[in-house]
Structures are given as structure tokens and as C-alpha cells.
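Visitor: I have a model open and would like to learn how to read its features. Could you walk me through them?

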Amino acid sequence: MTARIIDGRERAHRLRAKIKDTVSSFKQDGLGTPGLAVVLVGSDPASEVYVRSKLRATEEAGIQSFSHHFEDTVTQADLLAFVERLNTDPAVHGILVQLPLPAHIDKLAVINAIAPDKDVDGFHLENVGRLATGQPSFIPCTPLGCLMLLREELGDLRGRVATIVGCSNIVGHPMAELLLKNECTVLIAHEYTRDTGALVRQADIVVAAAGVPGLIKADWLKPGACVIDVGINRVAAPEKGLADDGAPKTKLVGDVDFAAALAVADAITPVPGGVGPMTIACLLLNTVDAFCTQAGRAKPACLAA
Ligand SMILES: NC(=O)C1=CN([C@@H]2O[C@H](COP(=O)(O)OP(=O)(O)OC[C@H]3O[C@@H](n4cnc5c(N)ncnc54)[C@H](OP(=O)(O)O)[C@@H]3O)[C@@H](O)[C@H]2O)C=CC1
Ligand SMILES: Nc1nc(=O)c2c([nH]1)NC[C@@H]1CN(c3ccc(C(=O)N[C@@H](CCC(=O)O)C(=O)O)cc3)C=[N+]21
């Protein structure tokens with residue numbers, strides 16, 4: 001038996017098609033167009049790639065995109081003033097400040113300056129608190145995408161044991177909140193966990209979000225587990241030969257030993273083509289959500305999570 005490979009690209013494609021239809025029905029009904037502002041600081045090549053694909057997906061869905069690129073020398077005061085301008089811009093319904101930010105900028109100050117009802121990343125203190133206390137909130141895009149994949153694979157999640165490896169504010173921690181809300185028994189591993197394998201072995205659901213290639217070994221998995229690999233790690237791929245600069249070519253891998261896990265898991269997400277595309281689709285979903293709230297409309301039922 002080999003595990004089912006969960007096709008995140010295909011699922012994201014389906015979700016994006018529904019979002020696109022919804023956005024065009026808003027326009028036909030004269031309700032206006034949702035808008036998403038993406039702010040990038042500095043010139044980290046990976047961030048530039050992600051921002052470009054977010055903007056492309058936004059435009060393909062018929063959502064208006066506003067892209068702002070600052071030098072990495074921008075002052076915190078200038079960045080905060082810019083966020084404030086986006087907060088009051090009626091054409092902007094969602095705001096995303098790409099992370100990481102340069103070290104001289106207080107990331108939390110910037111995130112918490114975003115109007116909570118435009119915080120489509122769900123990172124603002126108010127949305128974090130709302131999620132933790134079971135009140136309506138924006139849900140961070142990556143955990144939301146993981147939850148959608150899990151629900152589609154497994155249906156009801158009640159009573160399942162879920163182990164999350166990693167507990168950052170952007171992935172692991174909100175993922176734990178969401179799975180708790182979905183009535184899972186949640187185990188969380190982090191860098192100081194003594195025996196992460198022992199926690200993973202108990203899990204019906206494994207969410208790997210540590211950013212360590214190959215961390216999750218196949219013999220850590222309970223046979224039949226559903227494995228969601230969030231990790232995105234660029235590693236050398238000598239088998240692909242040399243790049244123009246003479247260094248080995250590289251490839252993307254997750255946190256799970258994918259090839260070996262196929263023989264143990266029931267279902268698993270690949271990297272690339274798993275969680276990443278769902279993250280982007282969920283960003284569009286949150287933007288439509290923000291638009292509906294700001295326009296005083298209910299979110300269309302076809303987009304309910
Ligand atoms: N597919 C997607 O859409 C996205 C993918 N990612 C990817 O997911 C991964 C995680 O991202 P992010 O949460 O931002 O990363 P962070 O570096 O912020 O957090 C990593 C977490 O993993 C924990 N950790 C690190 N090493 C180990 C270990 N050996 N054993 C157990 N836990 C460990 C850390 O523990 P501690 O808290 O103790 O330091 C921390 O909680 C990265 O590869 C990132 O690129 C991120 C966002 C979106
Ligand atoms: N404010 C903020 N919000 C974020 O949501 C956020 C962020 N900052 N900073 C960085 C991380 C990372 N992230 C990804 C999104 C999509 C893919 C994605 O689409 N990945 C493709 C492959 C991409 C490639 O080929 O490089 C895939 O997995 O198939 C990956 C990673 C969002 N993040």
C-alpha cells in the first residue's frame with residue numbers, strides 16, 4: 001500500500017475558481033471589487049517569489065491588488081504611517097505585510113498597526129485572541145489551508161489525536177487552536193521537546209511545521225496517519241547537476257521524509273504542491289471575507305470554510 005498524495009494544487013485551483021465566481025457576482029451586483037494590499041520590505045529572493053505568486057493569484061481571481069515595495073532601510077515610523085494609510089483606504093479591504101521584516105523593525109508593532117478587520121493574515125493580537133477564545137476572526141492562511149485539506153480527507157476530526165511539530169505564531173500555534181476547536185486532542189512539539197518521535201507516533205494527524213528538512217522520519221508515523229507537511233526547505237540537489245554559478249542545483253523539500261512516509265501514511269501532502277497553494281487560496285478567501293464584512297454583507301455560503 002502506498003499513501004494517497006493530497007493534491008493541494010488541484011484543491012487550491014477549485015477554491016480559487018469559486019472565489020473568482022463570487023468576486024464576479026459582486027461586480028455584477030454593483031457591490032464593487034475586493035482589494036488586497038501586499039507590502040514587501042527589502043529584497044529577500046524567496047519573499048519576492050511568494051509576493052509575486054500572491055499578486056498573480058489575486059489578479060486572476062478578479063481581486064484588485066496593490067503592491068508596495070520598500071527598501072530594507074525604511075524606518076519603522078514610515079512603515080507604520082503607510083499601514084495607517086492603507087487602513088483608511090476604502091479600496092483596500094485586506095492588508096498583508098510579508099514576513100520576515102528587517103531586524104530594525106518591530107514586527108509586532110507593524111502587525112498590530114493593521115486594522116483588525118483588514119488583517120487577512122490573522123496575525124493581529126485581536127484576531128489571535130478571538131481565535132483562542134472561539135470568537136469569529138480571520139484565521140491565518142496556512143493553518144486554514146491545512147484544516148481544509150484535513151476536513152476533505154478525513155471528514156469529522158472529533159476525537160482524533162493531532163501532533164503539531166512547531167509552534168510559531170504564523171503556523172504551529174494557530175494550527176493547534178484550530179484543531180482544538182475541531183475537537184482533536186492536540187500535542188505540540190517544539191525545539192525543546194525531548195522525544196518528538198514519541199508524540200508523533202500517537203498521532204492520527206501530523207502537521208509538520210518546523211522548517212527542518214527530513215525531521216519527521218517514517219518510523220515516527222502511526223500506520224494510517226494523515227500527514228500535512230507545511231515545511232518549505234530549499235536543499236542542494238546534486239542529482240539535478242550544477243547551476244550556472246557552478247553550485248549544485250537546489251530543490252524544495254518539506255519536513256517529512258516523504259519517500260519513506262509513503263509506505264506508512266494513509267495520505268500525505270507533497271512539497272511543493274501541497275499546503276503552499278492552499279495558503280495562497282486562503283489569502284484570497286480571507287480577502288473576500290474582509291470585503292463582505294466591510295460591505296455589511298454575509299459571506300456567500302459556497303465559500304464557508
Ligand atoms: N507552505 C506554506 O504555505 C508555508 C510554509 N512555511 C514553512 O513552514 C516551516 C515553519 O515555518 P514557521 O512556523 O514560520 O517557522 P519558525 O521558524 O517561526 O518556527 C519553527 C517552529 O518549529 C520548531 N522547531 C524547530 N526545530 C525543531 C525540531 N528539531 N523539533 C521540533 N520542533 C522544532 C520551533 O520551536 P521553538 O518554538 O522552540 O523555536 C518553532 O516553534 C518553514 O519551513 C516555512 O518555510 C511557513 C509558512 C507558510
Ligand atoms: N505575512 C505573511 N503571510 C504569509 O502567509 C507568509 C509570509 N508573511 N511570509 C512567508 C510565508 C511563506 N508562505 C508561503 C506561501 C505560499 C507558498 C507556495 O505557494 N509554495 C509552493 C511552491 C513555491 C516555490 O516553488 O517556491 C508550493 O509549496 O507548492 C509557500 C510559502 C507564506 N508566508
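Visitor: Which residues does UniProt list for the NAD(P)-binding domain?

Guide: The unreviewed UniProt entry lists residues 140-294 as "domain: Tetrahydrofolate dehydrogenase/cyclohydrolase NAD(P)-binding"; such positions follow the numbering used here, feature names are shortened, and annotations may be inferred rather than shown by experiment. Over residues 140-294 the chain is 34% helix and 18% strand, where helices (H or I, at least four residues) and strands (E, at least two) are DSSP runs numbered from the N terminus. This is a predicted model, where local features need pLDDT of at least 70, side-chain atom pairs count only at pLDDT 80 or more, and totals for chains, interfaces and linings use all residues. Residues are numbered from 1 along each chain as its sequence is written, while chains are lettered from A and ligands numbered from 1 in the order in which they are written.

Visitor: How is the protein chain divided into domains?

Guide: Domain bounds come from an automatic or database domain assignment. Here, domain 1 is 31-119 + 280-305 and domain 2 is 141-273. Their centres, taken over C-alpha atoms, are 26 Å apart. Six residues of domain 1 are in contact with five of domain 2, contact being C-beta atoms, placed from the backbone, within 7 Å. On the domain 1 side, five of these residues are nonpolar, one is polar and none is charged. For these classes, Ala, Val, Leu, Ile, Met, Phe, Trp, Tyr, Cys and Pro count as nonpolar, Asp, Glu, Lys and Arg as charged, and the others, Gly among them, as polar.

Visitor: Which residues come nearest to ligand 2?

Guide: A residue is near a molecule if its C-beta atom, placed from the backbone, lies within 6 Å of it. Of the 19 residues around ligand 2, the nearest are Gln98, Leu99, Pro272, Gly276 and Thr279. By class, twelve are nonpolar, six polar and one charged. Helix 10 gives the most to this shell, with four residues.

Visitor: Why does ligand 2 lie between the domains?

Guide: Ligand 2 lies between domain 1 and domain 2 because both give residues to its shell.

Visitor: And what surrounds ligand 1?

Guide: Ligand 1 has 26 residues around it, the closest being Gly166, Ser168, Glu191, Gly211 and Thr279. The shell holds 13 nonpolar, twelve polar and one charged residues. Helix 10 (residues 275-294) gives the most to the shell of ligand 1, with three residues.

Methods:
Contact = placed C-beta atoms within 7 Å.
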